Amino acid sequence: MPPRSKVELLPDAVLNELNERLVKGRFSGYVALSDWLKGEGYEIGKSALHEYGQSYEDKLGRLKLAGEQARAIVAAAPDDEGAMNEALMRLIQEKLFGILMDMNVDVKRINISSLAKSVAELARASVTQKKYAETVREKAKAAVASIERIAKKGGLSKGAVAEIRREILGIPS
């Protein structure tokens with residue numbers, strides 16, 4: 001396991017407070033943060049805090065970028081059947097599995113019950129997603145059948161009915 005910085009060894013509550021202060025302070029004021037930590041009983045220099053702060057800021061930037069990209073993808077490719085959500089759930093499941101298998105993880109800092117709850121919620125969401133996709137497919141098929149009956153009654157040609165069917169079901173011509 002690679003050595004961890006003094007900052008990463010802080011108790012979770014102190015580390016969370018530090019992270020909040022970093023964000024609120026726009027990743028500056030490391031001398032003041034060092035002084036605050038000293039008052040809390042932790043001797044961590046401004047250079048170590050700056051290194052940690054930059055790493056944390058980079059992580060937040062990557063998360064923000066990923067969120068923006070996901071929103072852009074959803075806007076560019078609407079997803080009525082929820083395939084995007086299913087792919088996202090699979091990605092999260094893979095990442096959680098990777099975390100569990102990663103030998104560099106400090107088991108003492110992992111909240112196993114929270115991780116197990118996340119996995120259970122993902123499994124439940126996956127089942128719900130599949131049920132939703134099936135419901136959408138069934139409703140689309142029922143709508144097509146209804147439209148086909150109406151179109152045939154109205155005198156539309158078989159070709160026109162087939163074209164309407166392809167459009168509704170998203171089948172390429």
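Contact is taken here as heavy atoms within 4.5 Å. On that basis, in the predicted model, 58% of the contacts between residues at least 6 apart in sequence join residues that are at least 24 apart. The protein contains 6 helices and 0 strands, and its elements follow the order α-α-α-α-α-α along the sequence. Of its 173 residues, 17% count as buried.

The pairing of helices H1 and H2 was examined in detail. Helix H1 spans residues 12-24 and helix H2 spans residues 30-39. Their axes come within 11 Å and cross at roughly 155 degrees. Because angles over 145 degrees count as roughly antiparallel, H1 and H2 are assigned to that class. The crossing of H1 past H2 is right-handed.

On the H1 side, the contact is formed by Val14, Glu17, Leu18, Arg21 and Leu22. These residues meet Tyr30, Leu33, Trp36 and Leu37 of H2. By residue class, the contact of H1 with H2 comprises 7 nonpolar and 2 charged residues, with no polar ones.

The buried residues of H2 are Tyr30, Leu33, Ser34, Trp36 and Leu37. In general, an α-helix has 3.6 residues a turn, so residues three or four places apart point the same way. Tyr30, Leu33, Trp36 and Leu37 belong to the buried set and also take part in the contact with H1. The face of H2 turned away from the buried side carries Ala32, Lys38 and Gly39, which are exposed.

Ser34, also located in H2, is a further member of the buried set. Its relative accessibility is 15%; since buried means under 20%, Ser34 falls in that class. When neighbours within four places in sequence are left aside, Ser34 is in contact with Ile44, Gly45, Lys46 and Leu49.

After H2 comes Gly41, which has a positive phi, near 100 degrees.

The opposite face of H2 bears exposed residues, including Lys38. The two helices run roughly antiparallel to each other, and the residues of their contact include 7 that are nonpolar.

Note on methods. Residues numbered from 1 in each chain as written. Predicted model: local features only at pLDDT ≥ 70, side-chain atom pairs only at ≥ 80, totals over all residues. Heavy atoms only, no water. Axes fitted to C-alpha atoms, helices over the stretch in contact; angles between N-to-C directions. Helix = DSSP H or I, 4+ residues; strand = E, 2+ residues; numbered from the N terminus. Parallel < 35°, antiparallel > 145°, perpendicular 65-115°, else oblique. Left-handed = near helix turned anticlockwise from the far one by under 90°. Nonpolar A, V, L, I, M, F, W, Y, C, P; charged D, E, K, R; others polar. Buried < 20%, exposed > 50% of the residue type's maximum accessible area, 1.4 Å probe, protein only.
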